[in-house]
Every structure is written in structure tokens, then in C-alpha cells.
Amino acid sequence: MDEPAPRGPSDGGIDGLEIREATIADLAAVARVDAAAGRPTHVEGLRAAVLDPDRLVVVARAGDVVVGWAKTHLFGRSDGVAPAGHYLGGVTVHPAWRRRGVGTALTAVRLDWLGPVTDRVHYTVNARNTASIALHRRWGFQEVARAPSFHRVRFAGGVGLLLTSRTSARHVDDAGRTPVPGG
Ligand SMILES: CC(C)(COP(=O)(O)OP(=O)(O)OC[C@H]1O[C@@H](n2cnc3c(N)ncnc32)[C@H](O)[C@@H]1OP(=O)(O)O)[C@@H](O)C(=O)NCCC(=O)NCCS
């Protein structure tokens, strides 16, 4: 099955949701999720991320279907106020599978992976992206700057946020700590 069956927000969690590290074989399915979400896929950049041991790319699967994906990014240099270091590098969930915990599970897995690697994790987001900002709130991300761009990513509408969460101070509620089936 290539296309997820639409599900409503009232359907609750997803039985058997599996989060696992992406492989090159997942890239076509990732591109399908992006296309459904109206977001571009940078295939070569993503291929490099999958092969890079300093970054994590993960996919969320419901049965045979990839319903979302996410990655981390490691910036070797600072860019103005945006420091070098590990960033949550983007998360996308197929529109038919949203509000069922997939974005939360993809973020929890990345933060667990980064925990032993770094004492702080950064995240940039368009100031208009209320869904993403709400999704990340449970991990205690604090806004440290606002700017039209960070690390050469420009934000539609002109304002992006840079947020940071310290591993030692990170508050994770029960939802964030729920073990991911198969993850
Ligand atoms: C942001 C996104 C990844 C969320 O994925 P998701 O699987 O729907 O997220 P979850 O089901 O885990 O939601 C967790 C919490 O985030 C918040 N949230 C998620 N979507 C929201 C929305 N549309 N509006 C407001 N809050 C939202 C809620 O607090 C939600 O908890 P609740 O459902 O109990 O109210 C998804 O909307 C998406 O792919 N958006 C397009 C891509 C994008 O903007 N990515 C982020 C770039 S930084």
C-alpha cells in the first residue's frame, strides 16, 4: 500500500506505530510524505544525512506505510546568534496521520538519540508554525532569538525562532517518555 488511508484526529494513537532509523530504501516513501504535505524533498541532502553517523534520520511506519519522517542536523559553525551544534532538522507527518502522536514519537526518538551526544539541542521554526511550536513545547525548548533566517534558512513571512533545550534541564512529560512500539 503506497498511500495512507485518511484517519481523523479523533482516532487516537496508532497501533503498532514503529519508529526506526531510515535507510536509503526509505527515501522514495519519505518523498511521498513530503509531497502529500506540500513540502519539497532534497533527495541528495537526505541521502547524505542517512549515511552520516553524526545525524539521525528516522521514519515512522504504520504497518507497511511510512506515515512520517524526521532528522537531526549538525552545524559545524555558528551563524550569528545561531550556535554550532545539534539541531532537530525537521519533522513531517503525512496530513492523513496527524494529531495521533506520530510527530511526538519522531521527536522523542531523536532527543533520546541526542541525549548522550550533546548537552543542548537547538531547533528553528517559522514563527507562524503554531503546530510545530506546540509539538515541541513539552521538551522545554526556550526561545533564544528571532530572525529572518538562521543558518541560511529563510522563513516565509520573515520571522523564525531559534529555541534551545538543555538535556540536563529538559522536562519530558509522560507523553514524551512513552516508549515507541518497535522503536
Ligand atoms: C507539526 C507536525 C509534524 C505535527 O505532527 P503530528 O503527528 O500531528 O503531531 P502530534 O500528533 O504528535 O501532536 C502533538 C502535539 O502537538 C501539538 N499540535 C500538533 N498539531 C497541531 C496543530 N495543527 N495545531 C495546534 N497544535 C498542534 C498539539 O499540542 C499536539 O497534542 P494534542 O494532539 O494532544 O493536542 C505536522 O503538523 C506536520 O507535519 N506539519 C508540516 C511540517 C512541519 O511544519 N514540520 C515542522 C517544521 S519545524
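The part I would like to look at is strand E4, together with what surrounds it: which strands pair with E4, and where does E4 turn up around the ligand?

Analyst: Residues are numbered from 1 along each chain as its sequence is written. The score pLDDT is the predictor's confidence in each residue, from 0 to 100. The mean pLDDT of this chain is 89, and 85% of its residues reach 70 or more.

Now for the setting. An open sheet of 7 strands has mixed pairing and the order E1-E2-E3-E4-E5-E9-E6. Strand E1 (17-21) and strand E6 (142-147) are at the edges with a single partner strand each, so one side of each has no neighbour in the sheet. From one strand to the next, the twist averages 25°.

In that order, E4 stands between E3 and E5. Two strands count as paired if DSSP finds at least two bridges between them. With strand E3 (residues 65-75), strand E4 (residues 85-93) pairs in the antiparallel sense over 7 bridges. With strand E5 (residues 120-126), E4 pairs in the parallel sense over 2 bridges. There, Tyr87 has His122 in E5 as its bridge partner.

A residue is buried if 20 or more other C-beta atoms lie within 10 Å of its own, exposed if 12 or fewer, and partly exposed in between, with C-beta atoms placed from the backbone. For the chain, buried residues make up 32% of the 183 residues. Helix H1 (residues 27-37) lies across strand E2 (57-62), E3 and E4, and runs at about 95° to E3. That angle is taken between N-to-C directions, from 0 to 180 degrees, using axes that are lines fitted to C-alpha atoms, for helices over the stretch in contact. Contact means that the C-beta atoms of two residues, placed from the backbone, lie within 7 Å.

E4 also has a place around the ligand. E4, helix H3 (102-114) and helix H4 (130-136) are the elements that give two or more residues to the shell around the ligand, and H4 gives the most, with 5 residues. Of the 19 residues around the ligand, Arg98, Gly103, Thr104, Ala131 and Leu135 come nearest; near means that a residue's C-beta atom, placed from the backbone, lies within 6 Å of the molecule or strand.

One last point for careful reading. pLDDT stays under 50 over residues 6-10 and over residues 169-183. Where pLDDT is low, the predicted coordinates should not be read in detail.

Notes. This is a predicted model: local features need pLDDT of at least 70, side-chain atom pairs count only at pLDDT 80 or more; totals for chains, interfaces and linings use all residues. Helices (H or I, at least four residues) and strands (E, at least two) are DSSP runs, numbered from the N terminus.
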